[in-house]
Amino acid sequence: MSRKRTPRSALFCPQCGSADLYYEAALITGYKYHCKKCGYIGAFVIEKDLEREG
Ligand SMILES: [Zn+2]
C-alpha cells in the first residue's frame with residue numbers, strides 16, 4: 001500500500017534530544033547532521049515519526 005502523504009518525521013539529536021539539527025555535507029560519508037545545541041556531529045540521529053491522525 002502506498003500513501004500519497006509524505007511521511008512526516010523529525011530528527012533528534014541522540015546526545016541531547018534537541019530537534020535543532022541541521023544537515024551538513026561531508027566529504028566521504030556524504031552527509032552528516034550537526035546539532036546546534038550541543039554540537040554533536042554525526043550521521044546517526046534519532047528519527048521520530050510525527051504522523052498523527054485525528
Ligand atoms: Zn545535541
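Two residues are in contact here if their C-beta atoms, placed from the backbone, lie within 7 Å.

**View 1. The whole chain, a predicted model.** Start with the overall picture: the protein chain has five strands and zero helices. Of the contacts between residues at least 6 apart in sequence, 38% join residues at least 24 apart. Buried residues account for 6% of the 54 residues in the chain.

**View 2. The open sheet of three strands.** Here the strands are arranged in the order E2-E3-E4, and their pairing is antiparallel. E2 and E4 (41-42) stand at the edges with a single partner strand each, so one side of each is left without a neighbour in the sheet.

**View 3. Where E3 meets E4.** Strand E3, which covers residues 31-35, pairs with E4 over two bridges in the antiparallel sense. Look for tyrosine 33, which stands opposite glycine 42 in E4.

**View 4. Glutamate 24 and its surroundings.** Glutamate 24 belongs to strand E2, made up of residues 21-25. Is this glutamate 24 buried or exposed? Glutamate 24 is exposed, because 12 other C-beta atoms lie within 10 Å and a residue counts as exposed at 12 or fewer. Leaving aside residues up to four places away in sequence, glutamate 24 touches Lys32, Tyr33 and His34.

**View 5. From glutamate 24 to alanine 43.** These two residues are 19 residues apart along the chain, and their C-alpha atoms are separated by 9.4 Å.

Conventions:
Residues are numbered from 1 along each chain as its sequence is written. This is a predicted model: local features need pLDDT of at least 70, side-chain atom pairs count only at pLDDT 80 or more; totals for chains, interfaces and linings use all residues. Helices (H or I, at least four residues) and strands (E, at least two) are DSSP runs, numbered from the N terminus. A residue is buried if 20 or more other C-beta atoms lie within 10 Å of its own, exposed if 12 or fewer, and partly exposed in between; C-beta atoms are placed from the backbone. Two strands pair if DSSP finds at least two bridges between them.
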